[in-house]
Amino acid sequence: MNEYRAQIPHGGRWGLRARRLFDGEVFHAGAPLVVVSGGRISAVDLAGSGVSPGLPIVDLGDVTLLPGLIDAHVHLAFDPAGDAVMQMQADPDEVLLQRMHRHAQAALRAGITTVRDLGDRSYLALVLRERYLAQAQAGPEILVAGPPITVSGGHCWFLGGQADTPEELAAAVTERVARGVDVIKVMATGGRITPGCKPYQSQYGRSELQLIADAAHRAGIPVTAHAHANPAIADAMAAGVDGIEHCFFLTEQGVSLDLPTVAALAGTGVYVSTTTARPPGELPADLAQARENFARMHRAGVRLVCSSDAGVRPWKPAGRGRQPRRGPDRHPPPHGDLPGRTPLPHRPTILALTRRRARPSGTNSRHLPGPAGPRSAI
Ligand SMILES: [Zn+2]
């Protein structure tokens, strides 16, 4: 796409043609034409025949147009090379906002037009969400959770979402609803990046998770639960959450898939957000097992969505940005396990990245890359 940037008109109405198009559900051949008005897709002509005279056309040739990719789990505020715990205590809001904007731009340049920010501080992602909504091409669409709800001293406590008692949990949901979040995130287990936390230990019981889910749903807002391990995965699902983040089925001894829980996940339709990205070097045994388990979950009918957890590790940068694409320093793609890196076949992986049914929560129209925007074709 880079070589075509100079041809892309600034604003106005123009057309983008390619040999094929994937619409989020189905592949279409026959030189389809996407018409863009004011930076947004205004029409799609699958036959590519109804071109109005004078419409500027950028023809990409033998490529497939894709909808913008969705990364269902990012942390725009985290510096992947930094120490999240120290940063969140040391950096003022203005520094965080600048970093978040850089990361959002990197995601957009990599073709990710929708990100779901599942953990910021001070609801800063809402500031970016509104800024980008006001100016469509300024950044990706952002779905915001705000600070995740967690126990005192628990996983990501430093983001400011600590709540322990039923009253505090109810108040935490009320606050997020009043702020206008798109989704509520609860830390059902500990995590890897917070000192003193064990990712295989539950932080809340089923009744506390249910209190959160019920309160959020009464307000019409979905809930997603960070859960590395059973029984928290099973508890969150029984509590009625809409999605599970990570879902690695960790135990103190390693990864161990719980088949009854997998069957229940498939039966309830609760989605699993995979958050996997390949670290440099040899694949750790537990991650290799987790990847195989995601393939098993997929075959069992569990609804998977691709996500990266971008920001939490050096090998999880926000978008490809200026990272070299080849050579020993090349980072993996920013969207977790993408085609070619996953045990899943390509087609379901692309579907999981783009199609509406796989979306963790609804979004509106898609942003199209501007002249300096992301790849819109592969
Ligand atoms: Zn995360």
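This is a predicted model: local features need pLDDT of at least 70, side-chain atom pairs count only at pLDDT 80 or more; totals for chains, interfaces and linings use all residues.
Residues are numbered from 1 along each chain as its sequence is written.

The protein chain has nine helices and 17 strands, taken as DSSP runs numbered from the N terminus (helices: H or I, at least four residues; strands: E, at least two). Of its 378 residues, 47% count as buried. Here a residue is buried if 20 or more other C-beta atoms lie within 10 Å of its own, exposed if 12 or fewer, and partly exposed in between, with C-beta atoms placed from the backbone. Among contacts with a separation of 6 or more, 72% join residues 24 or more positions apart; a contact requires C-beta atoms, placed from the backbone, within 7 Å.

Five strands make up an open sheet with parallel pairing, in the order S11-S12-S13-S16-S17, where two strands pair if DSSP finds at least two bridges between them. Strand S11 (184-187) and strand S17 (303-305) lie at the edges, each pairing on one side only. From one strand to the next, the twist averages 25°. Axes are lines fitted to C-alpha atoms, for helices over the stretch in contact, and angles run from 0 to 180 degrees between N-to-C directions.

Within this sheet, S11 and S12 pair in the parallel sense over four bridges. The chain passes from S11 through helix H5 (residues 206-218) to S12 in a right-handed β-α-β crossover; right-handed means that, with the strands pointing away from the viewer, the path from the first strand over the helix to the second runs clockwise. On to the next pair: strand S12 (residues 223-227) and strand S13 (residues 243-246) run parallel and are joined by four bridges. Thr-224 stands opposite Gly-243 in S13, and His-226 has Glu-245 of S13 as its bridge partner. Helix H6 (residues 232-239) packs on the sheet, touching S12 and S13, and its direction makes about 170° with that of S12. Together, S12, H6 and S13 form a right-handed β-α-β unit.

S12 itself is mostly covered, with five of its five residues buried. In a regular strand the side chains alternate between the two faces of the sheet. In S12, Val-223, Ala-225 and Ala-227 point one way, whereas Thr-224 and His-226 point the other way, and all are buried.

Ala-145 counts as buried because 28 C-beta neighbours lie inside 10 Å. Leaving aside neighbours within four places in sequence, its contacts include Asp-117, Leu-118, Val-183 and Ile-184. Leu-126 is 19 residues from Ala-145 in sequence and 8.8 Å away in space, C-alpha to C-alpha.

Finally, helix H8 (residues 285-300) has 16 residues and should span 22 Å at 1.5 Å a residue, which agrees with the 22 Å between its end C-alpha atoms; the expected span is 1.5 Å times one less than the number of residues. Its buried residues are Ala-290, Arg-291, Asn-293, Phe-294, Met-297 and His-298. Seen down the axis of H8, these buried residues fall within an arc of 160°, so they line one face of the helix; the arc is that of the directions from the helix axis to the C-beta atoms. Ala-285 and Arg-299, on the other side of H8, are exposed. Gly-301 follows H8 with a positive phi, near 100°.

Key. Two residues are in contact if their C-beta atoms, placed from the backbone, lie within 7 Å.
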